[in-house]
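This report describes the fold, the surface and the aromatic side chains of one protein. The sequence and the model are shown first.

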Amino acid sequence: MAHGNGGWSSPRLSDEELEYYGDLYIRWDIREAGVDFEGFLNNPEYYLQKHTRGRWRAGGREGDDGRKGLLGYLGLRQAARTPAE
């Protein structure tokens, strides 16, 4: 993985993930808090929790803004875990 300035590396994300996180970045005004998009991508949950004043919740649970988490956004669902034999 290539390293940017200062030895930090950026996560590799699919186009769908970039679109999802871009939507969150814009919808929750993270830029207005002084966070650049690349910094946001390094730890999106941290910045969402910090700068949305508790209005954002991971996973799209009841009580949040009604949006689905990344799996729902991509049209996927979590696989049921089966015990190993």
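The protein, a predicted model, contains four helices and zero strands. Read from the N terminus, the order of elements is α-α-α-α.

Of the 85 residues in the protein, 21% are buried. The accessible surface amounts to about 6,900 Å², and carbon and sulfur atoms contribute 46% of it.

How many aromatic pairs does the protein have? The count is six aromatic pairs. Two of these pairs are set out below, with the distance between ring centres and the angle between ring planes.

| Aromatic pair | Centre to centre | Angle between planes | Geometry |
|---|---|---|---|
| Tyrosine 20 and tyrosine 21 | 5.2 Å | 70° | edge-to-face |
| Tyrosine 46 and tyrosine 47 | 5.0 Å | 75° | edge-to-face |

The pair of tyrosine 46 and tyrosine 47 counts as edge-to-face because its planes stand at 75°, and the class requires an angle over 60 degrees. Tyrosine 46 is partly exposed, since its relative accessible area is 40%, a value that falls between the limits of 20% for buried and 50% for exposed.

Tyrosine 20 and tyrosine 21, by contrast, are both buried. These two residues also belong to one aromatic cluster, which is formed by Tyr20, Tyr21, Tyr25, Phe37 and Phe40.

Technical notes: Residues numbered from 1 in each chain as written. Predicted model: local features only at pLDDT ≥ 70, side-chain atom pairs only at ≥ 80, totals over all residues. Heavy atoms only, no water. Helix = DSSP H or I, 4+ residues; strand = E, 2+ residues; numbered from the N terminus. Buried < 20%, exposed > 50% of the residue type's maximum accessible area, 1.4 Å probe, protein only. Areas by Shrake-Rupley, 256 points an atom, 1.4 Å probe, with all protein chains shown as cover. Phe/Tyr/Trp six-rings, centres within 6.5 Å; stacked < 30°, edge-to-face > 60°.
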